[in-house]
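Thank you for making time this morning.

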Amino acid sequence: MTREEKSIAIENLTAQLAGTNIIYVSDISGLNAETTSNLRRACFKAGIKLEVVKNTLLAKAMEASANDYGDLPKVLTGNSAIFISDVANAPGKIIKDFRKKSDKPLLKGAYINSEVYIGDNQLDALATIKSKEELLGELIGLLQSPAQRIISALQNKFAGSEEETEA
């Protein structure tokens with residue numbers, strides 16, 4: 001790779017990093033062609049971009065980015081792939097699902113909404129993070145619940161008072 005090609009690759013990676021707040025870094029080395037294809041297919045279906053990257057180029061892109069990746073560049077050893085997503089827990093769920101059949105992909109670290117998570121031991125926590133949509137759904141459900149109870153109670157009271165007036 002020439003210097004110019006490296007510079008272009010760093011610019012492209014920097015642009016990708018700037019366009020998202022959710023990045024997982026993992027090791028997918030050792031996966032056979034079929035498993036890798038299945039992983040890519042699962043990522044595509046979930047709206048996740050999976051890309052194998054050179055560690056030095058990704059580290060330079062992180063350095064050039066406006067985001068603070070903390071210690072995340074320190075985990076860039078060996079083979080690395082990045083998962084870029086709009087949903088915080090989607091890559092974690094996919095990695096966890098693939099780990100049922102294999103010991104890879106290994107989670108090296110993640111950057112989610114300005115928070116840095118380092119190590120494979122964070123996978124369970126990351127897979128269970130609630131997405132923005134899930135939190136909003138729960139909040140709306142909680143807000144609607146008391147209103148529905150009041151309406152139901154009023155309807156029952158109103159229905160009971162109608163029966164009394166008819167009698």
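In what order do the five strands of the open sheet stand? Before I answer, please keep in mind that what you see is a predicted model, so everything I say describes that model. The order is S2-S3-S1-S4-S5, and the pairing is antiparallel. S2 and strand S5, residues 115-118, stand at the edges with a single partner strand each, so one side of each is left without a neighbour in the sheet. From one strand to the next, the twist averages 20°.

Moving along the order, S1 and S3 run antiparallel and share four bridges, with Ser26 partnered by Ala81 in S3. On to the next pairing, S1 and S4 are antiparallel over six bridges, and Tyr24 stands opposite Ala110 in S4.

Let me stay with S1 for a moment. How many of the six residues of S1 are buried? Six of the six are, and the strand is mostly covered. In a regular strand the side chains alternate between the two faces of the sheet. In S1, Ile22, Tyr24 and Ser26 are buried on one side, while Ile23, Val25 and Asp27 are buried on the other, and both faces of the strand are therefore covered.

Helix H3 has a buried side, and the buried residues in H3 are Asn55, Leu57, Leu58, Ala61 and Met62. Why are they on the same side of H3? Because they cover an arc of only 165° around the axis, they end up on the same side of the helix. The face of H3 turned away from that buried side carries the exposed residues Thr56, Glu63 and Ala64. As for what covers the buried residues of H3, the list includes helix H1 (3-18), strand S1 (22-27), strand S2 (49-53) and S3.

The next residue I would point to is Leu126, which is found in helix H5, residues 123-127. Leu126 has a relative accessible area of 0% and is buried. If we leave aside its neighbours within four places in sequence, Leu126 is in contact with Tyr24, Ala88, Asn89, Leu107, Ala110, Ile112 and Tyr117. Leu126 and Gly92 are 34 residues apart in sequence, yet their C-alpha atoms are 5.6 Å apart in space.

Turning to aromatic side chains, a search of the whole structure finds one aromatic pair. Tyr69 and Tyr111 form this pair, which is tilted, with 4.5 Å centre to centre and 55° between the planes. Tyr69 lies in the loop between helix H3 (55-64) and strand S3 (80-84), and Tyr111 lies in strand S4 (residues 106-112), so the pair ties together parts that are 42 residues apart in sequence.

I will finish with the backbone. Most residues other than glycine have a negative phi, and most peptide bonds are trans. Against that background, a cis peptide bond joins Lys104 and Pro105, with omega about 0°, and Pro105 is found in the loop between H4 and S4. Asn113, in the loop between S4 and S5, has a positive phi of about 45° although it is not a glycine. Ser114 has its place in the loop between S4 and S5 as well, and its phi, near 75°, is also positive. As to accessibility, Asn113 is partly exposed at a relative accessible area of 47%, whereas Ser114, at 52%, is exposed.

Terms used:
Residues are numbered from 1 along each chain as its sequence is written. This is a predicted model: local features need pLDDT of at least 70, side-chain atom pairs count only at pLDDT 80 or more; totals for chains, interfaces and linings use all residues. Side-chain values use heavy atoms; hydrogens and water are left out. Rings of Phe, Tyr and Trp (its six-membered ring) pair if their centres lie within 6.5 Å; planes under 30 degrees apart count as stacked, over 60 as edge-to-face and the rest as tilted. Helices (H or I, at least four residues) and strands (E, at least two) are DSSP runs, numbered from the N terminus. Buried means under 20% relative accessible area, exposed over 50%, partly exposed in between (1.4 Å probe, protein chains only). The arc is that of the directions from the helix axis to the C-beta atoms. Contact means heavy atoms within 4.5 Å. Two strands pair if DSSP finds at least two bridges between them. Axes are lines fitted to C-alpha atoms, for helices over the stretch in contact, and angles run from 0 to 180 degrees between N-to-C directions.
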